[in-house]
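Subject: Structure handover and findings

Dear colleague,

Please find below the structure that I am passing on to you.

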Amino acid sequence: MANVQLNGVRKTYPNGAIAVRGVDMTIDDGEFIVFVGPSGCGKSTLLRMIAGLEKITEGDIKIDDRQINDVSPADRDVAMVFQNYALYPHMTVRGNMSYGLKNRGMPKAEITKKVEEAASLLRIGDFLDRQPNQLSGGQRQRVAMGRAIVREPKVFLFDEPLSNLDAKLRVQMRIEIKRLQRRLNVTSIYVTHDQTEAMTLADRLAVINDGKIEQMGSPIELYKNPATLFVASFIGSPQVNRLPVTFDGQNLVNGDLVIPGFTGLPQKTRLVLGIRPDDLHQSGDGQFTLRVDIVEQHGADNLIYGALRGTEENDADDAEFCFKTDHSLLPALETTLQLGFDTERAMVFEQESGQRLL
Amino acid sequence: MKRVQFEHSTIPYLFVAPQIAIIVIFFLWPAAQAIYQSFLLEDAFGLSTQFVWFRNYQDTIFSPSWLQAAGFTAIFATLVTFLSLGFALLLAVKANEVIRGASTYKTTLMWAYAIAPPVAGLMGNLMFNPLIGDLYKFFNVIGWDFNHKLDSFDAGFVVVLISVWKQVSVNFIFFLSGLQSIPNSVNEASMMDCRSPTRRFWTITFPLLAPTTFFLMVINITYAFFETFGIIDTTTRGAPGGATNTLVFKVFQDGFRGADLGGSSAQSVVLMILVLALTVIQFRFIERKVHY
């Protein structure tokens with residue numbers, strides 16, 4: 001049970017590469033924090049600095065108001081679950097779980113008790129005397145978690161713990177991790193690049209990009225109210241639709257497409273209009289005409305992809321617009337759909353800086 | 001399980017033929033010759049031979065000089081194996097931790113691998129030469145009355161030192177690659193579980209190196225028994241008074257210098273059995289403790 005504080009934390013590698021450029025953060029007792037971001041954004045480095053596996057170039061990290069910059073990893077009272085489990089291959093499951101306790105001089109009887117408690121909590125009681133190479137991926141993952149749990153640390157650190165599992169198991173373990181964290185109520189920091197994992201697990205989410213925190217908040221807050229274009233595109237699946245536009249005083253304009261109903265935006269700057277696929281709806285007098293290109297049937301929902309009529313050529317990535325609707329609407333390919341949206345829910349960003357304007 | 005069955009043809013036999021030929025010509029045939037010879041007594045000129053049953057073996061095993069050589073070989077092999085493994089492990093662990101200039105360290109440490117044992121012996125000969133040898137002078141300067149021509153401990157020291165030096169590089173390469181095959185995350189996990197680096201080494205690193213260590217132990221004992229012949233032949237030649245005779249060197253001495261083919265053959269048969277037994281013991285009792 002502990003709070004964690006990061007003050008102006010920076011990391012520069014000896015070769016000059018900057019991984020983390022100034023992170024400030026306060027994590028409350030018992031909170032589940034997820035660091036999410038694309039690969040190479042510095043999220044793992046940040047976690048490893050908290051764990052003590054990477055030196056902190058600048059700034060400081062405190063756990064329970066104790067500065068831990070130069071404290072060895074074993075003395076920080078944190079436990080980590082690694083992506084590839086990092087189990088000790090020459091020890092049994094029991095050996096793996098008791099190793100950390102033994103090194104801390106805990107009496108044998110107590111170790112046995114704690115290991116068995118954790119094992120039954122994780123339902124690996126039957127495997128205690130097996131070697132890691134006799135276990136499946138999911139079981140190894142559980143052992144890795146068990147090894148962290150028996151330590152009863154102040155902070156749990158998870159470094160993409162589910163990315164080596166198959167899709168079905170990942171969902172199952174995700175729920176299990178959440179349940180365990182609720183039950184043990186230990187401050188946890190979890191790193192992932194998977195936005196579904198991030199959304200579902202986090203009490204609060206830190207979206208990290210290029211070594212900085214873009215935005216931090218509850219998952220729903222970040223989804224509804226992203227501060228930057230990066231956060232808007234990173235959170236939410238399917239991705240937010242992005243349309244490059246300019247403002248002429250009353251309307252947003254892209255080629256022949258004119259979208260009325262906006263005020264107070266700077267003129268002569270390149271802007272981006274962002275609309276979530278589920279904020280679009282079919283309407284006769286809607287702002288967009290979508291030429292249907294692909295229809296993905298997901299069962300309950302259909303995702304309809306296509307190009308907007310009247311827009312100028314833009315980046316291939318943004319050219320496709322996505323419209324999320326229920327399964328009853330199944331338009332033929334190459335036909336057009338009239339789509340509308342509520343201007344209240346539209347987001348406008350400045351293209352250069354990515355900052356949200358509206 | 002379904003087995004792949006090739007049509008009967010001579011081609012597979014042709015493929016294994018070179019290997020079989022090598023084994024037969026360079027191992028089985030000489031071994032058979034040695035066994036046959038070990039039952040014969042031949043006069044010095046090779047004009048007459050006599051079948052003597054086990055007399056050569058009796059003469060060998062009960063002769064004080066053979067027992068002396070066997071004793072020295074046992075001490076020598078133990079020292080060479082443990083010292084060269086120990087130093088190599090220490091160097092590999094340290095070199096593995098180096099970040100700046102790591103490849104320079106590694107290349108330098110591997111260099112001695114390319115040196116043949118007789119060459120290593122010659123180099124040692126120069127270093128321990130009473131007239132120009134730096135090590136010889138150094139030991140005498142620091143107050144050790146060092147003379148490997150007269151003192152059997154000093155002579156043993158010379159051959160052990162050279163043999164270990166020669167073998168450390170081989171062991172180093174294997175230990176280093178063994179260390180690098182330990183996943184980094186396992187090391188990191190142990191850093192979070194255990195404060196003491198020494199304890200981490202003995203509880204995590206060393207057990208994970210066990211397969212490498214076991215393999216190297218077998219290789220090193222064989223090295224100490226056989227390959228060090230070149231080093232001994234170029235340095236002490238068994239002197240003083242047979243104190244640094246290894247079993248292999250004595251086989252050579254008695255057979256080719258002493259022209260006692262029967263006795264020398266008997267010794268080589270005994271040596272073969274000894275090494276065989278030793279290897280069996282290693283696999284039987286030590287390999288069990290190895291986790292692959």
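In what order do the elements of chain B run from the N terminus on? The order is α-β-β-α-α-α-α-α-α-α-α-α-α-α, and chain B accordingly holds twelve helices and two strands. Here helices (H or I, at least four residues) and strands (E, at least two) are DSSP runs, numbered from the N terminus.

Before the details, a word on conventions. This is a predicted model, in which local features need pLDDT of at least 70 and side-chain atom pairs count only at pLDDT 80 or more, while totals for chains, interfaces and linings use all residues. Residues are numbered from 1 along each chain as its sequence is written, and chains are lettered from A and ligands numbered from 1 in the order in which they are written.

Chain B

Taken along the principal axes, the C-alpha atoms of chain B fill a box of roughly 75 × 75 × 30 Å. Within this chain, helix H1 (residues 11-37) packs against helix H12 (residues 261-286) at an angle of about 120 degrees, the axes being 7 Å apart. Axes are lines fitted to C-alpha atoms, for helices over the stretch in contact, and angles run from 0 to 180 degrees between N-to-C directions. The angle therefore makes H1(B) oblique to H12(B); angles under 35 degrees count as roughly parallel, over 145 as roughly antiparallel, 65 to 115 as roughly perpendicular and the rest as oblique. The crossing of H1(B) past H12(B) is left-handed, meaning that the near helix is turned anticlockwise from the far one by less than a right angle (clockwise would be right-handed).

From H1(B), Ala34(B), Ile35(B) and Gln37(B) meet Leu261(B), Gly262(B), Ser265(B), Ser268(B) and Val269(B) of H12(B). Residues are in contact if their C-beta atoms, placed from the backbone, lie within 7 Å. This contact comprises four nonpolar, four polar and no charged residues. Ala, Val, Leu, Ile, Met, Phe, Trp, Tyr, Cys and Pro count as nonpolar, Asp, Glu, Lys and Arg as charged, and the others, Gly among them, as polar.

Chain A

The domain assignment, which is automatic or from a database, divides chain A into domain 1 (4-229) and domain 2 (238-350). The centres of domain 1 and domain 2 of chain A, taken over C-alpha atoms, are separated by 39 Å.

Chain A has an open antiparallel sheet of four strands in the order E2-E1-E4-E5. Strand E2 (18-27) and strand E5 (66-67) of chain A each have a single partner strand, so one side of each is left without a neighbour in the sheet. Seven antiparallel bridges join strand E1 (residues 4-12) of chain A to E2(A); strands pair if DSSP finds at least two bridges between them. Gln5(A) has Thr26(A) as its bridge partner in E2(A), and Thr12(A) stands opposite Ile18(A). Five residues lie between the strands of this hairpin, where Gly16(A) takes a positive phi near 95 degrees.

Yours sincerely

Technical notes: Contact = placed C-beta atoms within 7 Å.
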